[in-house]
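Reader: I have just opened this structure and would like to be walked through it. Could we look at it together?

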Amino acid sequence: MIQSSALLHPATAPANPIPFALIGWGWRAQQFAAIAVRAPHWFRLTGILRQKPDGTEPASTVTSLDRLLQTEPQFVVVSVPRATAAELTLELARRGVPVLTETPPAEDLAGLRHLWSALPADARVQVAEQYALQPYHMAAAAIARSGRLGQITHVQASVAHDYHGFALIRHFLGVGRTPLKLNASHMTAPIVAGPGRDGPPTTEILRASTQWVGLLDFGSDRTAVYDFTNDQYFSWIRSSRLLIRGERGELADDTVRWLPSFDTPARQQLTRFDGGAKTNLQGIAHQGYALGEDWLYRNPFGPIPLPDDFIAMASVLWSMHHYLETGESFYSLADGCHDHAIGLLMREAATTGTELELTGLPWMDAS
């Protein structure tokens, strides 16, 4: 679960840009690099480990780990396929190098167990789970923690796939790495293919879309519904949805309903603020979210033109720096392992059609 104490960003950039290095040059790694380019007062990319550089990289490129570490990063971002991420994390940790590893930290449950048991006791490892740090989710979490909704008992998240979705569910419910019971199913339906990582479609194609639904029971009257199809990430016709319910109210997407007293209902809309629209001359950049006059979230990166997901990723980079400076974990390896394990369990439950229970995993009681 993302720790809220590590989400208090400074109002200004650090005295010196935060130096980090990258291993990998895939889609997500390139986004981390782009953040360093767009926010040079905040971050400095010291080097990139890539076996076949092509000149598109915005920093010095090396082909060995030794040479990458010679660039003197504060930490290394491991952004490679999950099948190889765990061994790179272990190699860096054994050298005493702090690691920010991408999600998930290993490929399967056996890989998670191996990584957990083999990691040195003094390893400094965090996982780059960014979804709770997206501006809207920061605002939603602020409402959930405000007491306005009462004790949070139920979350329905149709926002992100597998481990990302379960990280958000636990974050909004405020539950740790507790045992849970899970039922799940999946179904397919046709959809006209939309945009993807490579851009918008060039022709009309009808293809199958798979929807995964999970019902989670964490005990103590805390339940959740996970509902997602991967089309949602880029689709023009499949939207995301979020519902957070407490005993005194709920947040449904952008609408907050609550009871100031048992016989008095209230309702208010979340307001998003962005610069650069219509006649506004502040520049295109997200500013924050408010509920009435109460600001729930302010973008710590100010006027830098970053999409919401880039803001969240930049927040992950800053949170890693903050962790190394203060020891305050923001999304630990234990959390990364746990949320991926829930995702794997959901797939198994959907395939077998049986209720499954997640319990007894070695990281569940980690501090």
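Author: One definition comes first: Ala, Val, Leu, Ile, Met, Phe, Trp, Tyr, Cys and Pro count as nonpolar, Asp, Glu, Lys and Arg as charged, and the others, Gly among them, as polar. By that division, the residues lining the second largest pocket are 10 nonpolar, 5 polar and 3 charged. This is a predicted model, in which local features need pLDDT of at least 70 and side-chain atom pairs count only at pLDDT 80 or more, while totals for chains, interfaces and linings use all residues. Residues are numbered from 1 along each chain as its sequence is written, and side-chain values use heavy atoms, with hydrogens and water left out.

Reader: What is a pocket here?

Author: On a 1 Å grid over the protein atoms alone, a pocket is an open set of points where a 1.4 Å probe fits, with protein on both sides within 12 Å along at least five of seven lines; lining residues have an atom within 4 Å of a point.

Reader: Which residues lie nearest the centre of the second largest pocket?

Author: They are Trp116, Ser332, Leu333, Ala334 and Ser367, out of 18 lining residues. The space in this pocket is about 340 Å³, a volume being the space filled by probe spheres set on the grid points, which are joined across faces, edges and corners.

Reader: Which element gives the most to that lining?

Author: Helix H8 does, with 3 residues. Strand S6 (125-127) and H8 (333-352) each supply at least two. Helices (H or I, at least four residues) and strands (E, at least two) are DSSP runs, numbered from the N terminus.

Reader: And how much space lies in the largest pocket?

Author: About 1300 Å³. Its lining has 47 residues, with Trp27, Arg28, Tyr131, Tyr233 and Asp309 nearest the centre. Elements giving two or more residues to this lining include helix H1 (27-38), strand S8 (180-192) and helix H7 (308-326). The largest share, 4 residues, comes from H1. The lining divides into 21 nonpolar, 15 polar and 11 charged residues.

Reader: Changing topic, how do strands S12 and S13 pair?

Author: S12 (residues 249-252) and S13 (residues 255-261) pair in the antiparallel sense over 4 bridges; two strands pair if DSSP finds at least two bridges between them. Leu251 has Val256 in S13 as its bridge partner.

Reader: What lies in the turn between them?

Author: The hairpin has 2 residues between its strands, and Asp253 in the turn has a positive phi of about 55°.
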